[in-house]
Amino acid sequence: MTEKALRLGTRRSKLAMAQSGQVADAVRQLTGRSVELVEITTYGDTSREHLAQIGGTGVFVVALREALLRGEVDFAVHSLKDLPTAEHPDLVLAAIPVREDPRDVLVARDGLTFAELPAGARIGTGSPRRMAQLNAYARSHGMTIETVPIRGNIDTRVGYVTKGELDAVVLAAAGLNRIGRIDVVTEFLSVDTVLPAPGQGALAIECAAANADLAAALAELDDPFTRAAVTAERSLLAALEAGCSAPVGALADLLADGQAVHEMRLRGVVGTTDGSTLVQLSTTGPVPTSHDEAMALGRELADEMLAKGAAGLMGEREL
């Protein structure tokens with residue numbers, strides 16, 4: 001008798017379907033079993049409120065997790081940055097595959113870069129983190145910009161620029177890569193200018209903790225370096241007691257000496273959305289070899305940031 005198809009729970013957006021489709025292909029190759037996509041609508045998909053107002057973290061995740069816990073799907077694929085930092089007692093993060101490009105990108109009219117935007121340029125983003133850093137960069141370089149809160153899928157956001165409603169929008173490179181739209185990018189923003197969201201560009205493959213055989217099979221898709229990096233980033237976020245609606249950026253990258261990777265650098269930023277105050281720090285240490293070491297790296301940097309005044313910036317919830 002042939003084994004039943006594995007049911008993969010996914011959000012319905014074009015990006016989520018593309019991400020889940022890539023994972024489904026990998027799981028088919030790995031297990032030899034067929035995989036069917038089960039589309040699930042989440043509150044984050046149907047709500048028209050700004051993400052910061054509906055709580056940010058978890059709005060795209062809850063419905064997928066409920067379907068997992070009810071046994072309606074066998075595993076689910078999330079954008080890691082949407083996952084709450086607290087672990088779920090009945091679910092296991094079976095795999096975090098190799099990360100896509102974590103950077104943010106600018107999609108501007110007339111092929112412009114950020115530095116070329118006209119005075120008073122209107123830049124759309126739904127992210128307080130991006131607003132804080134774009135505004136801080138503009139201030140420090142004598143530019144005047146206006147950040148405009150937007151929502152919607154990638155096509156909707158790019159549409160604001162092509163229709164002339166905004167001068168530019170800022171998006172994640174990973175999403176554009178996954179749906180084959182990277183050609184619309186007018187500039188890849190350096191992580192020295194805008195640090196991405198913790199876990200940006202990484203996917204999370206989650207299944208029920210009780211399903212040990214499936215968890216073990218999915219674990220073959222895990223990339224230990226990506227897992228160490230995003231664990232450190234998410235630990236920093238958790239220690240700053242911030243949901244993804246708070247303006248926190250973080251990136252852990254591996255520092256290679258020739259071919260050998262020997263250290264990990266973790267950078268973090270938190271700021272007011274108007275960019276008037278940023279606390280930005282980094283730390284470098286040995287590449288974490290365990291979950292606890294990666295968590296410790298994030299907590300240590302968060303403690304330093306809190307000591308430098310980050311706590312006073314965390315209260316900002318409005319856009």
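Is Leu255 buried, partly exposed or exposed? At 25% relative accessibility, Leu255 counts as partly exposed, where buried means under 20% relative accessible area, exposed means over 50%, and partly exposed lies in between (1.4 Å probe, protein chains only).

**Basis of the model**

This is a predicted model, in which local features need pLDDT of at least 70 and side-chain atom pairs count only at pLDDT 80 or more, while totals for chains, interfaces and linings use all residues. Residues are numbered from 1 along each chain as its sequence is written, and side-chain values use heavy atoms, with hydrogens and water left out.

The predictor's confidence in each residue is given as pLDDT, from 0 to 100. The protein has a mean pLDDT of 89, and 89% of its residues reach 70 or more. Over residues 50-56 the pLDDT stays under 50, and for this stretch the model has 21 contacts beyond four places in sequence; a contact means heavy atoms within 4.5 Å.

**Overall architecture**

The protein has 319 residues, of which 52% count as buried. Its secondary structure comes to nine helices and 13 strands; helices (H or I, at least four residues) and strands (E, at least two) are DSSP runs, numbered from the N terminus. Among contacts between residues at least 6 apart in sequence, 71% join residues at least 24 apart. The protein exposes about 13,900 Å², and carbon and sulfur atoms supply 50% of this area. Accessible areas come from the Shrake-Rupley method with a 1.4 Å probe; for residues, only the protein chains shown count as cover.

**Nonpolar cores**

A nonpolar core is a set of buried Ala, Val, Leu, Ile, Met, Phe, Trp, Tyr and Cys residues joined through side-chain atoms within 4.5 Å. The largest such core has 20 residues, and Leu236, Leu240, Met264 and Met305 touch the most other members. Helix H8, strand E11, strand E12 (260-271), strand E13 (278-286) and helix H9 (291-307) each supply at least two residues of this core. H8 gives the most, with five residues. A second, separate core of 17 residues includes Ala24, Phe75, Ile205 and Leu221.

Helix H8 spans residues 224-239 and contains Phe225. Thr231 also lies in H8 and, at 11% relative accessibility, counts as buried. Beyond residues up to four places away in sequence, Thr231 touches His291, Ala294 and Met295.

Phe225 is partly exposed, with a relative accessible area of 39%. Together with Leu254 and Val261, Phe225 forms a nonpolar patch on the surface, with about 210 Å² of accessible area in total. Patches are made of residues with over 30% relative accessible area and no salt bridge; like charges are joined within 9 Å, and nonpolar side chains (Val, Leu, Ile, Met, Phe, Trp, Tyr) within 5 Å.

Leu255 is placed in strand E11 (residues 248-257). Leaving aside neighbours within four places in sequence, Leu255 is in contact with Ala260, Val261, His262, Glu263, Arg265 and Thr284. Leu255 and Pro286 are 31 residues apart in sequence and 9.6 Å apart in space, C-alpha to C-alpha.

**Salt bridges**

Side chains of opposite charge can pair when their charged atoms come close. A salt bridge is a side-chain nitrogen of Lys or Arg within 4 Å of a carboxyl oxygen of Asp or Glu.

| Glu72 | Arg70 | 2.5 Å |

Arg109 is partly exposed, at 30% relative accessible area, whereas Asp167 counts as buried, at 15%.

Asp101 counts as buried at 18% relative accessibility, and Arg103 as partly exposed at 29%. Glu72 is partly exposed, with a relative accessible area of 40%, while Arg70 counts as exposed at 53%.

**A backbone feature**

Asp110 is found in the loop between E5 and E6. Phi of Asp110 is near 60°, a positive value in a residue other than glycine. At 63% relative accessibility, Asp110 counts as exposed.
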